[in-house]
Amino acid sequence: KNELAQHLGEDPLPLRRAKITAEAAVKKAEKATAAASKARAQAADDAAKATESRAAAEASARQAEQDRIAAEAAAEAAEARKREAEAAVEEARAKGAEAEAYLGEVKNPPGCAHGA
């Protein structure tokens, strides 16, 4: 009875204060957990986007490399065609000079004087 009387006679303020403090700490922890969960979800979303971007960049790099190889092959083929065309032009010039020389021989045969 004596202890009960002492207990009932005590000031309940420290217990109420402790309970309020504990409830506030729980709410604060819940808010921090929610914020961390939201940040984790955002980080996961950002990581997925980064992975997609990386895959796209790698695909673009592969395509660029293939385009570069194709362009080099086309440049080599064009250079070969240019050399062939230059050779054909030289051959045509030689044949033209040969034809002019032949025409000169035919027009002016040696030993044939006109008007004599």
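This briefing covers the helices, surface and salt bridges of one protein model. The model is predicted, so local features need pLDDT of at least 70 and side-chain atom pairs count only at pLDDT 80 or more, while totals for chains, interfaces and linings use all residues. Residues are numbered from 1 along each chain as its sequence is written, and side-chain values use heavy atoms, with hydrogens and water left out. The protein has 2 helices and 0 strands, and buried residues account for 0% of its 116 residues.

**Helices and surface**

- Helices (H or I, at least four residues) and strands (E, at least two) are DSSP runs, numbered from the N terminus.
- Helix H2 covers residues 13-107.
- A residue is buried under 20% relative accessible area, exposed over 50%, and partly exposed in between (1.4 Å probe, protein chains only).

- The structure contains 7 salt bridges, each defined as a side-chain nitrogen of Lys or Arg within 4 Å of a carboxyl oxygen of Asp or Glu.
- Lys49 and Asp45 form one of them, with an N to O distance of 3.5 Å.
- Lys49 and Asp45 are separated by about one helical turn because they stand 4 residues apart in helix H2.
- Lys49 is partly exposed at 47% relative accessibility, and Asp45 is also partly exposed, with a relative accessible area of 34%.
- Glu58 and Arg54 are paired through their side chains in a salt bridge of 3.1 Å, N to O.
- Both Glu58 and Arg54 belong to helix H2, where they are 4 residues apart, about one turn of the helix.
- Glu58 is partly exposed at 37% relative accessibility, whereas Arg54 is exposed, with a relative accessible area of 58%.
- Lys95 and Glu91 make a salt bridge in which the closest N and O atoms are 3.4 Å apart.
- Lys95 and Glu91 lie 4 residues apart in helix H2, so about one helical turn separates them.
- Lys95 is exposed, at a relative accessible area of 52%, while Glu91 is partly exposed, at 46%.
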